[in-house]
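Please open the model in your viewer and keep the selection panel at hand. The tour below goes from one selection to the next.

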Amino acid sequence: ILIYAGLTCAGALAPSLVSAAAWPQAAGHTETIFSLEPGGADRAFDAKGAADAPLPQWDQTEASVYIDHGVTSRLSLTGKINLKAYDTGDARFSGLSSLEFGGRYALHDGADYILSAGASLEGLGRGRRDDFDSVFGRQGTDADLRVYFGRNLRVAGQDAFLDVQAARHFRQYNPDQWRFDATLGLKPSPRWMVLMQGFAGRADKQAGYAVAWLNGEVSLVRGFGAHSQTCVQLGVRRTVSGRNVPQVTALVASLWRRY
């Protein structure tokens, strides 16, 4: 899953992190994000959406390196290395999960809002990409087509931003997916940001089998340096609802560096 959003460490409330957000990276600038997310689950949501299916074991750790480079004032290119280790009792894996490459283009970049479109390819690696993937299934190559909407706001007298994304995720050997992500960022002071995020999606039904999920995440971001070129993010993410997915709780720790 790694459809994540954030803000640029420059402190201008212009998100451009992880699976990217509506705002483009500044031309000639690059942002790199190192993330570590240990987590686990002891229950799963069943086919009716009830979290009453016990899991004997579900331990996982995800790590990633994400790069976002501004080519022009409107075009940004992205790349991501996904590493994963998991142990579910009957399945174990540790290593490269996948590689991703893509980009996004700002269709409208105005004072009122920003609208962007993007595409990416994900492939290589082994092991599950999603928590509900078949242990023995082939991964193949995935393609993601996405639209982004971003807007700067004022909330309770404080600077804030809203980023909303919708995507169609095409999978070579597994059911295609719809994905919907939203981020509300609040900036109570020049060096602090509060991020409240939701990541939802559902896979196309296959042989009567339906998968859906909604993950909620809350985190704090602290900027360092004269222009907050370096940022540290700490938070927690949890699967709050779903069907045929584990109820995972994970810690989120990220280091952002802009240069």
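A salt bridge is taken here as a side-chain nitrogen of Lys or Arg within 4 Å of a carboxyl oxygen of Asp or Glu. In this predicted model, a search of the whole structure finds 14 salt bridges.

Begin by selecting E62 and K84, whose closest N and O atoms are 3.6 Å apart in a salt bridge. E62 lies in strand β4 (residues 59–70) and K84 in strand β5 (residues 75–87), so this pair ties together parts that are 22 residues apart in sequence. Both E62 and K84 are buried.

Select D130 and R171 next, where the side chains meet in a salt bridge at 3.3 Å, N to O. Because D130 lies in the loop between β7 (114–123) and β8 (142–155) while R171 lies in strand β9 (residues 158–171), the pair ties together parts that are 41 residues apart in sequence. D130 is buried, with a relative accessible area of 3%, and R171, at 7% relative accessibility, also counts as buried.

D142 belongs to strand β8 and R171 to strand β9, so here the parts tied together are 29 residues apart in sequence. D142 counts as buried at 2% relative accessibility. Extending the selection to R129, D130, D133, D142, R171 and R179 shows one network, joined by salt bridges that share partners.

Finally, turn to an open sheet of three strands in the order β3-β2-β14, paired antiparallel. Its edge strands, β3 (53–54) and β14 (245–246), each pair on one side only. Two bridges join β2 (residues 43–45) to β14, and the bridge partner of F45 in β14 is V245.

Definitions and conventions
Residues are numbered from 1 along each chain as its sequence is written. This is a predicted model: local features need pLDDT of at least 70, side-chain atom pairs count only at pLDDT 80 or more; totals for chains, interfaces and linings use all residues. Side-chain values use heavy atoms; hydrogens and water are left out. Two strands pair if DSSP finds at least two bridges between them. Helices (H or I, at least four residues) and strands (E, at least two) are DSSP runs, numbered from the N terminus. Buried means under 20% relative accessible area, exposed over 50%, partly exposed in between (1.4 Å probe, protein chains only).
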